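Thanks for coming. I will go through one structure today, from the overall layout down to single residues. Please have it open while I talk.

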Amino acid sequence: MTTTRPRAVTRFVLVAVALPVLASAVAVVLQLAAGDALPDPIAIHWGANGAPDGFGSAGTMVLVTAALGLGLPLLIAASALNGLRRGDRGPVYRLMGALAAAMSVFTAVLMTASVRMQSGVTDAATGPSVLPWLAAAAVAALVAGVAAWALQPDERVAVVGTTPTMSPPLSVDERAVWLRSVRLARGGLIVLGAALALLIAVAVVSIAVSGGPVTTTVLIALVVLMAAVIAATAVFHVRVDETGLTVISATGFPRVHIPVADIERVEVVDVSPMGEFGGWGLRWAPGGGFGVVLRAGPGIRVVRADRRVFTVTVDDAQTGAALLAAEVARAAGR
């Protein structure tokens, strides 16, 4: 007996895996085919005015094409495929598929054009401007992204929350505190770690090629910033007491506190990091509000009086949400 793969999975694999592989393969073949007609070294970096300002071997462009045109889209695909196969759905998955397709096409067109346009050029420093091809690559990426979005089905899974209650309820003079810690899921750590490693690799290649102080400073700052963000969002402590809900990073920042007086409703929900928020960590999603989403599974969702929504994924969410709802009811005199 055979099982038919869901259409959403098939279409996502087509745009986020098959297309990047094909585009990158064609780009690499076309670049290698231009070998004998290229200057040595070739231009591999261009300034803001489109003129060549960095030089290296043609093999460098092949490696960059593979790393950016194939590595990044496959990283996106890897972070989304497990959720899709489990039956998770949402517009974020379509966006990720469209982004992977657009990124691969942009890289393939730009890298290939920047190599092929140097065919027959004696001195790479006098080569043509890359700006027209940069514009062409952007248009091609936009077309690919829109087509990839349209090709994928618009399937969504409704998130239904339950309202928790304490049994027995809190007495007037009774006080309670609920504490839990939550760590970033292994899948999230792998994806974020891979993204950091790829950023470091790109930074090393870019610094080696251009070596400019501004470029070096910006790239190092980006690597440090990304590493700091990962460290600050790897572990959070969650506390519910008579003051409300507090979620704080193990590093002390960021910190979120929602007073009971600001809370209109408390729910327990089954959270899909990719489907609802597009990933793990500190997230924001249109219609889904802000969240500390470190893994798939149960979470506490708070709807504030001003309709803002906050979600935190955590073990034993049912107990924490029930206590928070009880404190909200007591504060409101219910």
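**Overall layout**

The chain has eight helices and eleven strands. Helices here are DSSP runs of H or I with at least four residues, strands are runs of E with at least two, and both are numbered from the N terminus. This is a predicted model, so to speak: local features need pLDDT of at least 70, side-chain atom pairs count only at pLDDT 80 or more, and totals for chains, interfaces and linings use all residues. Residues are numbered from 1 along each chain as its sequence is written, and side-chain values use heavy atoms, with hydrogens and water left out.

Along the principal axes, the C-alpha atoms fill a box of roughly 85 × 55 × 35 Å. Of the 334 residues, 44% count as buried. Buried means under 20% relative accessible area, exposed means over 50%, and partly exposed is in between, with a 1.4 Å probe and protein chains only.

**Helices**

Start with helix α1, residues 7-33, which is where Val26 sits. Val26 has 41% relative accessibility and therefore counts as partly exposed. Together with Leu22 and Leu30, Val26 forms a nonpolar patch on the surface, and the three have about 250 Å² of accessible area together. Patches are made of residues with over 30% relative accessible area and no salt bridge; like charges are joined within 9 Å, and nonpolar side chains (Val, Leu, Ile, Met, Phe, Trp, Tyr) within 5 Å. The areas come from the Shrake-Rupley method with a 1.4 Å probe, and for residues only the protein chains shown count as cover.

Next, a helix pair. Two packed helices are described by the angle between their axes and the distance between the axes. For helix α3 (residues 91-116) and helix α4 (residues 131-151), the angle is about 150° and the axes are 7 Å apart. Axes are lines fitted to C-alpha atoms, for helices over the stretch in contact, and angles run from 0 to 180 degrees between N-to-C directions. α3 and α4 are therefore roughly antiparallel. The cut-offs are under 35 degrees for roughly parallel, over 145 for roughly antiparallel, 65 to 115 for roughly perpendicular, and oblique for the rest.

Helix α6, residues 213-232, contains Ala231. Ala231 is partly exposed, at 47% relative accessibility. Its C-alpha atom is 9.2 Å from that of Ser249, which is 18 residues away along the chain.

Strand β4 covers residues 235-241 and includes Val240. Is Val240 buried or exposed? Val240 is buried, with a relative accessible area of 0%. Val240 and Trp178 are 62 residues apart in sequence, but their C-alpha atoms are 5.1 Å apart.

How many salt bridges does the structure hold? There are eleven, a salt bridge being a side-chain nitrogen of Lys or Arg within 4 Å of a carboxyl oxygen of Asp or Glu. One of them joins Asp241 and Arg239, with the closest N and O atoms 2.6 Å apart. Asp241 is buried at 8% relative accessibility, whereas Arg239 is partly exposed at 34%.

Another joins Arg175 and Glu242, at 2.7 Å between the closest N and O atoms. Arg175 lies in the loop between α4 and β3 (178-183), and Glu242 in the loop between β4 and β5 (244-249), so the pair ties together parts that are 67 residues apart in sequence.

Then there is Glu264 with Arg307, at 2.3 Å from N to O. Glu264 is in strand β7 (residues 263-271) and Arg307 in the loop between β10 (297-304) and β11 (309-313), so this pair ties together parts 43 residues apart in sequence. Glu264 and Arg307 also belong to a network of salt bridges with Arg265 and Glu267.

**Backbone points**

Most residues other than glycine have a negative phi, and most peptide bonds are trans. Arg307 has a positive phi of about 80° although it is not a glycine. Asp316, also not a glycine, has a positive phi of about 55°, and its place is in the loop between β11 and α8 (317-331).

Which peptide bond is cis at Pro254? The one from Phe253 to Pro254, with omega near 5°. A cis bond also joins Asp40 and Pro41, with omega about 5°.
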